[in-house]
Amino acid sequence: MRALGLAALLLTWVGVLAALERKPTDDVAQNYTLFCAGCHGESGRGLPHKVPRLAGRLGLYLGVPGGREFVLRVPGVSNSQLDDGRLAAVMNQVAQRFAPEAAATMAPFTADEIHRARQRPLVGVEVERTQLLRAAGVDAAAIAAEY
Ligand code: HEC
């Protein structure tokens, strides 16, 4: 019993320390929590006028040409502390959770693809986003007004 309690205490501390130091882990969901959720939220809702929502929105980008590259090249993704492999795993889980229909038909993100996207960081996020949303046939101005 005592050993179990101690193990649990240690595990709690490991969790707390990981959160404090934000060290990448081998748990994909935890990496999302540590490196993305602070801005986009656990449920991908974003922060009004600050951070775009991912839930129900990511699929729009993934459905149009250039959108797949766009979502890898935005600063929060390309500048992430996560390495290419861990980031690819997070992006695949993000796609499955927040854009399940797109995720079901697309090829998974790969570490190589992330690596290449990181060589081409995005300048002019707004312009590119507007073009993609127009291509997706949605009201880009209304979406832009959210943030
Ligand atoms: C510091 C806050 C922050 C963090 C951390 C962050 N993001 Fe973002 N993210 C943003 C903002 C702000 C934008 C809008 C892009 C811009 O205007 O520069 C964005 C854009 C995006 C987009 C494109 C969606 C759109 O509508 O523009 C995706 C996909 C995305 N982030 C995923 C992630 C993932 C996955 C992570 C974790 C690896 C992450 N972000 C970490 C703030 C953040």
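Modeller: Let us begin with what a helix is here: a DSSP run of H or I that spans at least four residues, numbered from the N terminus. Please keep in mind throughout that this is a predicted model. Under that rule the protein has 11 helices and zero strands, and H49 falls in the loop between α3 and α4.

Colleague: Why is H49 called exposed?

Modeller: A residue counts as exposed if 12 or fewer other C-beta atoms lie within 10 Å of its own, and H49, with 8 such atoms, is therefore exposed. The backbone of H49 also has a phi near 65°, which is a positive value in a residue other than glycine.

Colleague: What makes A140 partly exposed?

Modeller: The partly exposed class lies between the exposed limit of 12 or fewer neighbours and the buried limit of 20 or more; because A140 has 18 C-beta neighbours inside 10 Å, it counts as partly exposed. A140 belongs to helix α11, which covers residues 140–144.

Colleague: Which residues is A140 in contact with, once its neighbours within four places in sequence are left aside?

Modeller: They are T130, L133 and R134. For T130, the separation from A140 is 10 residues in sequence and 5.6 Å in space, taken from C-alpha to C-alpha.

Colleague: How do you know that α7 and α9 are roughly perpendicular?

Modeller: Two packed helices are described by the angle between their axes and the distance between the axes. For α7 and α9 that angle is about 105°, and the axes are 8 Å apart. Roughly perpendicular covers angles of 65 to 115 degrees, so α7 and α9 receive that label. The contact involves D84, G85, L87 and A88 from α7, together with A111, I114 and H115 from α9, and by class these residues are four nonpolar, two polar and one charged.

Colleague: And why are α2 and α7 called roughly perpendicular to each other?

Modeller: The axes of α2 and α7 cross at roughly 90° and come within 9 Å; since the range for the label is 65 to 115 degrees, α2 and α7 are therefore roughly perpendicular. On the α2 side the contact is made by V28, A29, N31 and Y32, and on the α7 side by R86, A89, V90, Q93 and V94. This contact of α2 with α7 has six nonpolar, two polar and one charged residues.

Colleague: Which residues have the most contacts inside the largest nonpolar core?

Modeller: They are L58, L87, V90, M91, V94 and A95, in a core of 27 residues. Its largest share, eight residues, comes from α7. As for V94, beyond residues up to four places away in sequence, it touches Y32, L54 and L58.

Colleague: What share of the residues in the protein is buried?

Modeller: Buried residues, each with 20 or more other C-beta atoms within 10 Å, make up 24% of the 147 residues. Of the contacts between residues at least 6 apart in sequence, 62% join residues at least 24 apart.

Colleague: Which residues come nearest to the ligand?

Modeller: Out of 22 residues around the ligand, C36, C39, P52, V71 and G76 come nearest. By class, the shell holds 16 nonpolar, four polar and two charged residues, and α3, α6, α7 and α10 each supply at least two of its residues.

Definitions and conventions: Residues numbered from 1 in each chain as written. Predicted model: local features only at pLDDT ≥ 70, side-chain atom pairs only at ≥ 80, totals over all residues. Near = placed C-beta within 6 Å. Nonpolar A, V, L, I, M, F, W, Y, C, P; charged D, E, K, R; others polar. Core = buried A, V, L, I, M, F, W, Y, C linked by C-beta atoms within 7 Å. Contact = placed C-beta atoms within 7 Å. Axes fitted to C-alpha atoms, helices over the stretch in contact; angles between N-to-C directions. Parallel < 35°, antiparallel > 145°, perpendicular 65-115°, else oblique.
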